[in-house]
Amino acid sequence: MIGKIKKGKSFAGLTQYILDKEEAELLCTNLAGESPQDFYKQLEATRQLNPRVQSPVSHISISFAPGERPNKEHLEQIVEATLEGMGFERNLYFAAAHNDRDHFHLHIAASRIKSDGECVSDWYDFRRLEKTLRKLESQFSLTPVPCSWEANHSAPSTGQKRRMMREQQEFEQGLRDRPADKSALEKIQAAVDATIHRGMTMTQFLDHLDAAGVEAKVKVTREGVIQGISYSADGVAFQGGKLGRNEFGCTLQGLQLRGVTFDLTRDAGAIATRATSNSQKKTRTASSLIPLIQNHPKNLSLIQLPSMSETSESGGSENADEIGESISSKSSTDRKHTYRDSSNAIATERVTTGLATPPAPASNLGSDIETIQQQLPENILHAKQASNDSLKHLPHKADDRKTQDGRNQPKLKKQALLD
């Protein structure tokens, strides 16, 4: 099952969209009445319980795999479990099924305001919905779908899917001379996957993308700090983090983990010619950006894999392939631990090599401790006595003040008694 959750402000619009379709089938509800107007009025009344909530409408849609349609009893259980998993146990709602697509799907309309006026949190609501649906897939033996953070490629948006569906229908009806084009997202992902290969430089990667019809832009500040990469095709642009995940990452770090080598000295020119910035100030020329990119210390953190020169000195390109394969085969969590362990090892080595004197031999350690323990009480007594003697010679605060009208005389007498 694929789920989506959105917030809104209009109960009337959502109620009309769900219930006014010809094939709409009401599944379950805790609202009174039967007409959409009855449902709308009750949902709208919940606004008075918490007027501070600006978006009280919650719309959850659940799509099933093609050919899958659970019976009504199971659908009601899926709706109830979804509401419970998202925190809508005490909220007004209704659910209806639609069959106007090539796949069966249902809609849930609910108020985010509970009966006591509390608002249901939207914190990580999409991830919570995905986890809830994964449990329901296992419970009702439905086609499993990987979570979004487990998928290697991002899916096209709803608008892109509808555009492709419309174009495909026009092609089947003879109104279009070719099948539907792929979405810009799919074109970019396919071009990156076909272009990239282990050992190529960043300059080569960017040039090959240009030849494939995909334009890459690197975000660079006026100070020369590299902040990210984006891709565009057919006039539609996507950030690198929105394209691939895991071993198919398209960010600068993800490209290096996939085998693209990055060297500031070598690749600064290719990056500078494709540089873009959000700054309203006049952008720098490519020639002026090149030295800034090469010399800015923040750009050193972008280098994850050894450069080609380092791998050739340490044993050739075969070692680079082995390093890249070992890193790319690990999960993101394993890579974080690998980087953390390596950095800790380097820090430990620096500390141990920088010691001025070696540690004492283990054989003399026990005798030194015994000597210190024997001398410790005596040393403490000598220190206390020395501190008391030094305090006697310190001038009293009252002695330094000028006595006026005898106001300081009581303090002097008190100090004399203490001495």
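**Close-up 1. N99 and the residues around it.** Leaving aside neighbours within four places in sequence, N99 is in contact (heavy atoms within 4.5 Å) with E23, R69 and F104. This is a predicted model, in which local features need pLDDT of at least 70 and side-chain atom pairs count only at pLDDT 80 or more, while totals for chains, interfaces and linings use all residues. Residues are numbered from 1 along each chain as its sequence is written, and side-chain values use heavy atoms, with hydrogens and water left out. To find N99, look in the loop between strand 4 (93-98) and strand 5 (105-111); helices (H or I, at least four residues) and strands (E, at least two) are DSSP runs, numbered from the N terminus. E23 lies 76 residues from N99 in sequence, yet their C-alpha atoms are 6.4 Å apart in space. With 37% relative accessibility, N99 counts as partly exposed; here buried means under 20% relative accessible area, exposed over 50%, and partly exposed in between (1.4 Å probe, protein chains only).

Close-up 2. Follow the strands in the order 1-3-5-4-2 and you will cross an open sheet with antiparallel pairing. Two strands pair if DSSP finds at least two bridges between them. Strand 1 (2-8) and strand 2 (25-29) stand at the edges with a single partner strand each, so one side of each has no neighbour in the sheet. From one strand to the next, the twist averages 20°.

**Close-up 3. Strands 2 and 4, with helix 1.** Strand 2 and strand 4 run antiparallel and are joined by four bridges. Look for C28, which stands opposite A95 in strand 4. Helix 1 (residues 11-19) packs on the sheet and touches strand 2, strand 3 (57-63), strand 4 and strand 5. The direction of helix 1 makes about 35° with that of strand 4; axes are lines fitted to C-alpha atoms, for helices over the stretch in contact, and angles run from 0 to 180 degrees between N-to-C directions.

**Close-up 4. Y124 and its backbone.** Most residues other than glycine have a negative phi. Y124 is not a glycine, although its phi is positive, at about 50°. You can find Y124 in the loop between strand 5 and helix 4 (125-139). Its relative accessible area is 48%, so Y124 is partly exposed.

**Close-up 5. D234 and its loop.** D234, a residue other than glycine, has a positive phi near 60°. The loop that holds D234 runs between strand 7 (226-233) and strand 8 (236-239). D234 is exposed, because its relative accessible area is 57%.
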